[in-house]
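Hi everyone, thanks for coming along. Let me put the sequence and the structure on the screen, and then we can walk through them together.

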Amino acid sequence: MELTELHLSDGMVELLKSGRINNRLLCEIATHEDFVTLMTDTEIYVDGVATSHFQNFNSLLEVLRGQVLSQYQPVEEDTALKALEAMQVQEEDYFCQVTHRAWDTILHAIREAHKDDTDSAPDGSNAMKLIKDAKKALAVPGSYLDVFAALMCTQLQIRYDKLLEQEHMVLKNVMKKTPAYKDSPLSRMKRR
């Protein structure tokens with residue numbers, strides 16, 4: 001198939017060749033079963049196919065609302081009056097909602113399909129793990145330097161409690177040199 005038969009603009013071809021976007025992901029989005037629906041709804045909105053229908057429907061509701069106001073003089077909190085107002089649908093709001101649902105379906109399906117990929121972020125919060133590891137490290141006896149060294153070992157998946165005393169001393173001497181410890185308030189505090 002000739003590239004011209006695909007009706008790609010020069011800008012799109014340049015974008016695909018540039019490496020600025022993830023072409024594999026773009027292909028997955030475009031080949032998802034709901035993508036055609038997304039494109040159809042987008043085309044209807046962009047081309048204004050339904051614009052006159054929205055305008056006619058909203059105009060009819062406004063006329064009915066005006067008749068209710070002139071004939072019955074209801075209070076502003078009247079349920080029927082509020083219902084006529086609520087039934088009016090703005091075209092942009094409608095299509096944003098419709099296309100948003102399609103995007104959600106597509107993105108969730110692709111994310112689910114790649115959740116176990118090596119380059120995907122693992123489930124769970126790194127912050128929660130760090131908090132758990134910090135609480136565990138605070139239980140280590142000794143100075144804050146001992147706590148800091150224990151936390152670093154936990155982050156590196158080294159069992160601090162299995163290190164020899166000499167290894168503890170070497171590790172703490174190395175930790176004293178890192179700006180992460182040297183510049184922290186821990187380096188200036190004493191444990192009770």
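**A first look at the chain**

The protein chain has ten helices and zero strands; helices here are DSSP runs of H or I with at least four residues, strands are runs of E with at least two, and both are numbered from the N terminus. Before going on, please keep in mind that this is a predicted model, where local features need pLDDT of at least 70, side-chain atom pairs count only at pLDDT 80 or more, and totals for chains, interfaces and linings use all residues. Residues are numbered from 1 along each chain as its sequence is written, and side-chain values use heavy atoms, with hydrogens and water left out.

Now the overall dimensions. Along the principal axes, the C-alpha atoms of the protein chain fill a box of roughly 90 × 65 × 25 Å. The radius of gyration is 31 Å, whereas a compact globule of 192 residues would have one near 16 Å; this radius is taken over C-alpha atoms, and the globule rule is 2.2 Å times the number of residues to the power 0.38.

How much of the chain is buried? Of the 192 residues, 22% are buried, where buried means under 20% relative accessible area, exposed over 50%, and partly exposed in between, using a 1.4 Å probe and protein chains only.

Let's zoom in on the start of the chain. Leu-6 sits in the segment before α1, and it counts as partly exposed because its relative accessibility is 43%. Moving on to helix α1, residues 10–18, we find Met-12 there. With 28% relative accessibility, Met-12 is partly exposed too. From Met-12 to Asp-93, 81 residues along the chain, the C-alpha atoms are 28 Å apart.

Next, the aromatic rings. Rings of Phe, Tyr and Trp (its six-membered ring) pair if their centres lie within 6.5 Å; planes under 30 degrees apart count as stacked, over 60 as edge-to-face and the rest as tilted. By that rule there are four aromatic pairs. One of them joins Tyr-94 and Phe-95 edge-to-face, at 5.0 Å centre to centre and 85° between the planes. Which of the residues is buried and which partly exposed? Phe-95 is buried, because its relative accessibility is 5%, while Tyr-94 is partly exposed at 39%. Ring pairs also link these two with Tyr-45 and Phe-54 into a cluster.
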